[in-house]
Amino acid sequence: MNPTPKTQTPDPDTAEALTPEVTLTKAESKDESRAGSAEERDAVPAADEDTAAADELDGEDDDLEDDDLDDDLLARRPSGLGAAATAIVSVCLGIVALTGTWTGRVVAERETLVGQITSGQSPTPAQQISEMYGDAWHATAAVNGVVALLALLIGAIVLALPQRASWVRPVAVAGAVLGFLGLLVSIGMYFDLFVALPSVAA
C-alpha cells in the first residue's frame, strides 16, 4: 500500500517572516492610491484653470468680434452730411428764387435786345411794351420759377430721407416753403396776375 501523504505544517518562523512583507505591500499600495488621488485632485484645479483661461480667451475673441461688428456698422452707417448740405442748398435756392438770379437778369436783357431787333425802326407803343419789356419780365419770372421748383423738390427729397440729423428737418421744411412761395410768385408774374403790363391809351 502507498503511504498517505502527510500535510506539511508551515513553519511559524517562515509565516512571521512573510507577514511583514505582505503588510508592507498593502501599505505601499495604500500610499500609492493616496498619492494617485492627490495627483488627481491637483489635476482637477489645473483643468479648471485651463478651462477658465480658454473661456477668457473666448470672451476676448467675442469682444473683439463685437468691436469689429460695431466698427463695420459705424462705417456703413450714413453720416447725414449729404442730407444736411442738400437741405441748406434748398434754402439758398428758395431765397434766390424770391430775390432773383443773375441768370434771370441775363435772359431778360437778351429778350429786350431781341425785342428791339424784331420791332423794326418804327414800332408801335404796344409792340415796344410787349416785345421789349413784357417778354423780358416773363423770361425772368420763368427762370425764377425753375429755381423755386428745384428748391421745393430738393426740400421734399431731404424730408423723405430716413437717415438725417434732427436739425436737418426744419431746414428742409424752410427750403421747401421758400421754394413753394417763389414758385407762386413766379407763376403770378409770368401770367401778369400781380402786376399787369402797362397799356397805351387810345
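In this predicted model, the axes of helix 4 and helix 5 (residues 168-190) come within 7 Å of each other and cross at roughly 155°, where axes are lines fitted to C-alpha atoms, for helices over the stretch in contact, and angles run from 0 to 180 degrees between N-to-C directions. Helix 4 is therefore roughly antiparallel to helix 5, given that angles over 145 degrees count as roughly antiparallel, those under 35 as roughly parallel, 65 to 115 as roughly perpendicular and the rest as oblique. This crossing of helix 4 and helix 5 is left-handed, a term used if the near helix is turned anticlockwise from the far one by less than a right angle, with right-handed used if clockwise. By class, the contact of helix 4 with helix 5 has 16 nonpolar, eight polar and one charged residues; Ala, Val, Leu, Ile, Met, Phe, Trp, Tyr, Cys and Pro count as nonpolar, Asp, Glu, Lys and Arg as charged, and the others, Gly among them, as polar.

Helix 5 also packs against helix 2 (residues 81-99), the two axes coming within 8 Å and crossing at roughly 25°, so that helix 2 and helix 5 are roughly parallel to each other. The crossing of helix 2 and helix 5 is left-handed, and residues in contact (heavy atoms within 4.5 Å) include Ala87, Val91 and Leu98 of helix 2 and Val171, Leu178 and Val185 of helix 5. The residues of this contact divide into 15 nonpolar, five polar and no charged.

On helix 3 (residues 102-119), the partner is helix 4 (residues 125-160), packed at an angle of about 160° with the axes 8 Å apart; helix 3 and helix 4 are therefore roughly antiparallel to each other. The crossing of helix 3 and helix 4 is right-handed, and the contact has six nonpolar, nine polar and three charged residues. Within helix 4 itself, a kink of about 35° is centred on Gly134, the bend at a residue being the angle between axes fitted to the seven residues ending there and the seven starting there.

Helices (H or I, at least four residues) and strands (E, at least two) are DSSP runs, numbered from the N terminus. Residues are numbered from 1 along each chain as its sequence is written, and side-chain values use heavy atoms, with hydrogens and water left out. Because the model is predicted, local features need pLDDT of at least 70 and side-chain atom pairs count only at pLDDT 80 or more, whereas totals for chains, interfaces and linings use all residues.
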